[in-house]
Amino acid sequence: MVNARYAALQVLERCRKDGAWVSAVLDSVIRKNELSHRDAALVSALCLGVLQNSSYFDFLISAYSSTRAEKLEKIVLDILRLGVCQLLLMDRIPQRAAVNETVALCDLARMSRAKALVNAVLRRVAEHLTDLPEVPEKGSTAYLATRYSHPLWLSERLCAEQGYEFTEAFFNANNHTPPLTIQINTQRVSEQEYLCALDNKGIRYTCPPWPAHCVAIEGCPVTLLPGYDEGLFYVQDRAARMAVDLMGLREGMRVLDACASPGGKSFAAALNMNGKGQILSCDIHEKKLSLIQSGARRLGIDCIQTRCRDARHADDSEKNAYDAVIADVPCSGLGVMAKKPEIRGKKAEELRSLPGIQLQILDALSSCVKPGGILLYSTCTILPDENEGVVRSFLDNHPDFHLCAFSIGEKSVPAGYYTFYPHVDGTDGFFAAKLIKDIS
C-alpha cells in the first residue's frame, strides 16, 4: 500500500517530468492507489502546498543546506520540499513525524544516500520555525517573487501597474487554495433542499452573497457531496457563473458558447433560461465535447447541442443567428494560479501572441450576434492586454458594438467590464465584458 507522502512524491515527479497538470495526476494517483479520503486530502494538500510555495521552500532549503536547492538532484529536492511543506503549512502534523516520515521517503524513492542530508536540513528548519531567515530585499519585486513563489516578470509587471501592496495581496491569495464552489441545479432541487442535504451529511459550507444558488464547500471532495450522481449541482467558480448571469439570458434564446469546454458556462446559461431555448456548445478539440455532453446528461439539461469548431472562423450560415454569444477565450490563465500553480512556470514571451488570437475570435464571433444581441467576452486572467486591451481593439474595429453596464451583487459596473481578483472578490482572477450589438 502506497502511503500519502509517497503518493505525493509520485505526483510531483510526474508533473515535473511530463509537464502534466497536477489535478489530472492527482486524480490518477489517488484512484490507482485506492487512497482513503483522509490520505487523498493529505496528498492534495501536500502537492498544492509544494507547487504554490516552491521558490520560498527552495530559499529555506538553500539556507540550511551546504548545497543550494537548484544543485540538488530533482527527486531529492521534491522530498525536501514535501518535508518543508509539512513543517511550515501543516500544524496538525507533529514535527517529529514530518521529519521522520519524509526521511523515510528516501528509501522508497531509492535515494537512501540522501537520508542524512534530508534529515539534517529538515531538523534545522524545524528548530528555526519561529526565526526562519528572511527573504532579502523586502519591498522589492524580487522579494515578492521569491517569498510568494511567482515569476519575477509578473511581480515586476503587476507592481508597475497595480502597486506593491496590491501585488503582494494578490500573490498571497494565490498561495491559499480556495474552497470548492458549486452551483446548485435549480431545475432538480431547490437551494434550501440542497443545503439541508449538506447539513444532514455534516458538510461545512457557506453561501456567498453572489451569485445566486452558489455554495462554497470546505474539506469535501466533489464526488462525495450529496447529489453528485443525481446531477443536483456542478462545479464552477463564482466569477465564471457571475459572468453568465450578467448577460441577462431569458427563456427561448438561442445561445452560442464558442469555447465551451468543460461546459460550465453552457450549464449556467441553460439554468438561467430554465432549460427553454437552444445552446450550441463548441470546442476546437473533438474529444472535449464528450465532457460537455456527459455533464449535460448528469444535470438533466437537454437544450445543449455540441459541435467541433474553431472559434476564429465563423460560418456564413451563422450570421446574425444568435441572441447571445459567449466568448470565454483561451488565455494565460494567470487568474487561476491558486488552483493551477503550474501556470507560474509560464514565461512572458509565451503570452505575447494571445491578444491577437483573442481579438481574432471576437472578430469572427461578432457576425454571429443578432442586432440587439449580447456578446460576452471573458478570460481567467488579470492582464490588461488580454482583457481591456482586447475589448478596446475590438470596439475600434466594430463601431456597431458598445459596452453595457451591469451589476455584481450590489456593486454597479458602469464601464461594462470588470476584473475579479481573489484577494478582492474571493473568486478566481477573472475578466468579463458585456457587449451589445447595435440595432441600427
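Where in the chain is the place of E70? In this predicted model, E70 sits in the loop that runs between helix 4 (54-63) and helix 5 (74-89).

Four strands form an open sheet in the order 2-3-1-4, and their pairing is antiparallel. Strand 2 (204-206) and strand 4 (233-235) are the edge strands, each of them pairing on one side only. On average, neighbouring strands of this sheet are turned by 35° against each other, if direction is ignored. Inside the order, strand 1 (residues 180-184) pairs with strand 3 (residues 214-218) in the antiparallel sense over four bridges, and here L180 stands opposite I217 of strand 3.

The next topic is the nonpolar interior. In soluble globular proteins, nonpolar side chains tend to be buried together. The largest nonpolar core of this model has 71 residues, and the members that touch the most others are V11, V43, V118 and L334. Helix 5 supplies the largest share of this core, with nine residues. As for L334, if residues up to four places away in sequence are not counted, its contacts include W153, L154, F170, I343 and L351. There is also a second, separate core of 39 residues, and among its members are L246, A268, A324 and Y418.

Finally, some details of the backbone deserve a careful look. Most residues other than glycine have a negative phi, and most peptide bonds are trans. The peptide bond from W210 to P211, however, is cis, with omega near -5°, and P211 lies in the loop between strand 2 and strand 3. Another cis peptide bond joins S261 and P262, with omega about 5°, and P262 belongs to the loop between strand 5 (254-257) and helix 13 (264-272).

E34 is found in the loop between helix 2 (22-32) and helix 3 (37-52), and it counts as exposed because its relative accessibility is 67%. E137 likewise has a positive phi, near 60°, and is found in the loop between helix 7 (115-127) and helix 8 (141-147); with a relative accessible area of 55%, E137 is exposed.

Notes
Residues are numbered from 1 along each chain as its sequence is written. This is a predicted model: local features need pLDDT of at least 70, side-chain atom pairs count only at pLDDT 80 or more; totals for chains, interfaces and linings use all residues. Side-chain values use heavy atoms; hydrogens and water are left out. Helices (H or I, at least four residues) and strands (E, at least two) are DSSP runs, numbered from the N terminus. Two strands pair if DSSP finds at least two bridges between them. Axes are lines fitted to C-alpha atoms, for helices over the stretch in contact, and angles run from 0 to 180 degrees between N-to-C directions. A nonpolar core is a set of buried Ala, Val, Leu, Ile, Met, Phe, Trp, Tyr and Cys residues joined through side-chain atoms within 4.5 Å. Buried means under 20% relative accessible area, exposed over 50%, partly exposed in between (1.4 Å probe, protein chains only). Contact means heavy atoms within 4.5 Å.
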